[in-house]
Amino acid sequence: MTGGEYVAAAYGVVFVFVLVYVAIIAAKLVRLQRDTAELLELARRRGEDA
Amino acid sequence: MSYLADVAALTRKDLRVELRAKDTLPAMLLFVLSTLVVFHFALPEGTGEDAAYGLLWVAIVFTALLGLARAWVPEQEHGVFDGLVLAPCDRSAIWVGKSVATLAFLLAAQVVALPAFALFFAPLDGVALVGVLLADIGICAVGSLLAAMAAAGRARELLLPLLLLPLSIPLIVGGVGAAISTEPGRYLVLLALYDGIFAVLSWASFEYVVTES
Amino acid sequence: MSSAFARIQGLPALAAFAAGMMGLALLLAFFIAPEDGDQGISQRIFYIHVPIALTAYFCFGLGAWKALLLLWRGEERHDLESYVAIHQGTIFGTLTLITGAIWARASWGVWWSWDSNQLVLFLTLFLFYCAYFMLRFSLPEGPRRARSSAVYALFGVALIPVSFLAIRLAEDFIHPTTFTRDGPQMTGTMFTAFCVSWAAVTLLAYVLYRVELVGKRLHTDLRELREALE
């Protein structure tokens, strides 16, 4: 590998890490959204019972 | 000074318990001697002396780990830990007492192991021995605190080596350096500095680690 | 008290600023800074590797600071802040080791060198903080776990100067020392590029830290909400 390719590899690794981080945050958002939906359902049911 | 009296009492208690039970010290002794024998077979023919010093330090750290793993067990087995912490003494005195006792065991094991090493592997001069002593202090000081931390959780036998090994690396650097370098003074300074910093830190933070709430 | 919402407002602006800084840093590093005579183009890895390493240290320092606040003031939120900071530190630490290995391969032809004390001691610190997570996961949740983690985090920060001392005391032949006691051994433009890169990476880490904190606090808030509703 030439020097330039190593530089690209190094910066590329950082880039990929940040994207992986974004993916993980997306997954967490999905889970948070599911939890909120469940809680919303619970709250609505509470509202109906009361 | 009542603080020192507390420490002395705690150390005496630990030594007395060990003298009666005789389980930790013989195990440490046997372990370190067996490890040295293993080294004889592990080191290939014609290896320099320097490798032997490296392995000596591995043996020391793992022997210390053995002693440390057992360090808080008497208290836990007899449900005394909470009682000890409630005792009317400064909690840090408990740490000092335990560290001194563990140090005593480690030194006792080394009194046999080091001459054996010097005889069969490589010579140990006065500077190297000072290095061993200083490193022992560091290991026992930090190790007692970490063992108390680990004792609160599950898988404590697994956890203690994981916690101690990274912290023991500067000590190994110092110890091996003191044994093989032409300028051992700097390594002894490193060891002394480590002991100073981490002993004070461990002493100050022990209370936070053992209080329940 | 709604902890999740309290400090989030400034975050998008901060993230945008971090993005801008990173763009500027890349511009400086690749197009404006002169090429190094000795190492050629692979020297440019320096502009990302060293800031990442410094940022890892910064994150560990932030974690230790929050740990100190926890022990000193006893406010529970500092435990999570400390944990997240150290988590970021480990991530950037991994990046340091990877980019460092790539640079090592480019400059010296090997992926790793046990002769370089700086490398080995960073690895030590990295292992130390990996063990932090082992500690956390083995202790039951509660104030004792928070305090033990905090004490451990502080020990890590104490380990840093001791480790640096070991570097200086022991002999080191390979790892290039760009910052000697006489100051930075590089030209003005290179230094500017380095400083901007450093600022950009630190900002990136801080933004990620804040984002992760928000996510964790949201999770805790939702859990509390669930308990209230069930």
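User: What share of the 230 residues in chain C is buried?
Analyst: Buried residues make up 43% of chain C. A residue counts as buried if 20 or more other C-beta atoms, placed from the backbone, lie within 10 Å of its own, as exposed if 12 or fewer do, and as partly exposed in between. A word on the source: this is a predicted model, in which local features need pLDDT of at least 70 and side-chain atom pairs count only at pLDDT 80 or more, while totals for chains, interfaces and linings use all residues. Residues are numbered from 1 along each chain as its sequence is written, and chains are lettered from A and ligands numbered from 1 in the order in which they are written.

User: Which helices and strands make up the secondary structure of chain C?
Analyst: Chain C has seven helices and two strands. Going along the sequence, they come in the pattern α-α-α-α-α-α-β-β-α. The elements are DSSP runs numbered from the N terminus: helices are H or I with at least four residues, strands are E with at least two.

User: Why is Leu213(C) called buried?
Analyst: Leu213(C) has 22 C-beta neighbours inside 10 Å, so it counts as buried. You will find Leu213(C) in helix α7 of chain C, residues 188-229.

User: What does Leu213(C) touch, leaving out residues up to four places away in sequence?
Analyst: Leu213(C) touches Leu80(C), Glu81(C) and Val84(C). Two residues are in contact if their C-beta atoms, placed from the backbone, lie within 7 Å. As for Ala106(C), its C-alpha atom is 37 Å from that of Leu213(C), and the two are 107 residues apart in sequence.

User: What makes Val84(C) buried?
Analyst: Val84(C) is buried because 24 other C-beta atoms lie within 10 Å. Val84(C) sits in helix α4, residues 77-108 of chain C. Beyond residues up to four places away in sequence, Val84(C) touches Tyr209(C), Glu212(C), Leu213(C) and Lys216(C).

User: Why are α3(C) and α4(C) called roughly antiparallel?
Analyst: The axes of α3(C) and α4(C) cross at roughly 160° and come within 7 Å. Axes are lines fitted to C-alpha atoms, for helices over the stretch in contact, and angles run from 0 to 180 degrees between N-to-C directions. Angles under 35 degrees count as roughly parallel, over 145 as roughly antiparallel, 65 to 115 as roughly perpendicular and the rest as oblique. The pair α3(C) and α4(C) is therefore roughly antiparallel. By class, their contact has 15 nonpolar, eleven polar and three charged residues. Here Ala, Val, Leu, Ile, Met, Phe, Trp, Tyr, Cys and Pro count as nonpolar, Asp, Glu, Lys and Arg as charged, and the others, Gly among them, as polar.

User: What makes α3(C) mostly covered?
Analyst: In α3(C), 20 of its 28 residues are buried. Gly74(C), which follows α3(C), has a positive phi, near 75°.

User: How do α1(A) and α7(C) lie, roughly parallel or antiparallel, and why?
Analyst: Helix α1 of chain A (residues 3-49) packs against α7(C) at an angle of about 20°, with the axes 10 Å apart. That angle makes α1(A) roughly parallel to α7(C). Among the residues that meet there are Tyr21(A), Ile25(A) and Leu32(A) from α1(A), and Leu208(C), Val211(C) and Leu218(C) from α7(C). The residues of this helix contact divide into twelve nonpolar, three polar and four charged.

User: Which chains share the most contacts?
Analyst: Two pairs of chains are in contact, and chains B and C share the most contacts. In that pair, 26 residues of chain C are in contact with 27 residues of chain B. Within the chain C side, α6(C) gives the most, with 15 residues. That side has 20 nonpolar, four polar and two charged residues.

User: How do you know that no contact joins chain A and chain B?
Analyst: The closest C-alpha atoms of chain A and chain B lie 26 Å apart, and no contact joins the two chains.

User: Why is Ala155(B) called exposed?
Analyst: Ala155(B) has 12 C-beta neighbours inside 10 Å, so it counts as exposed. Its place is in the loop between α7 (126-151) and α8 (156-180) of chain B. The phi of Ala155(B) is near 55°, a positive value in a residue other than glycine. Most residues other than glycine have a negative phi.
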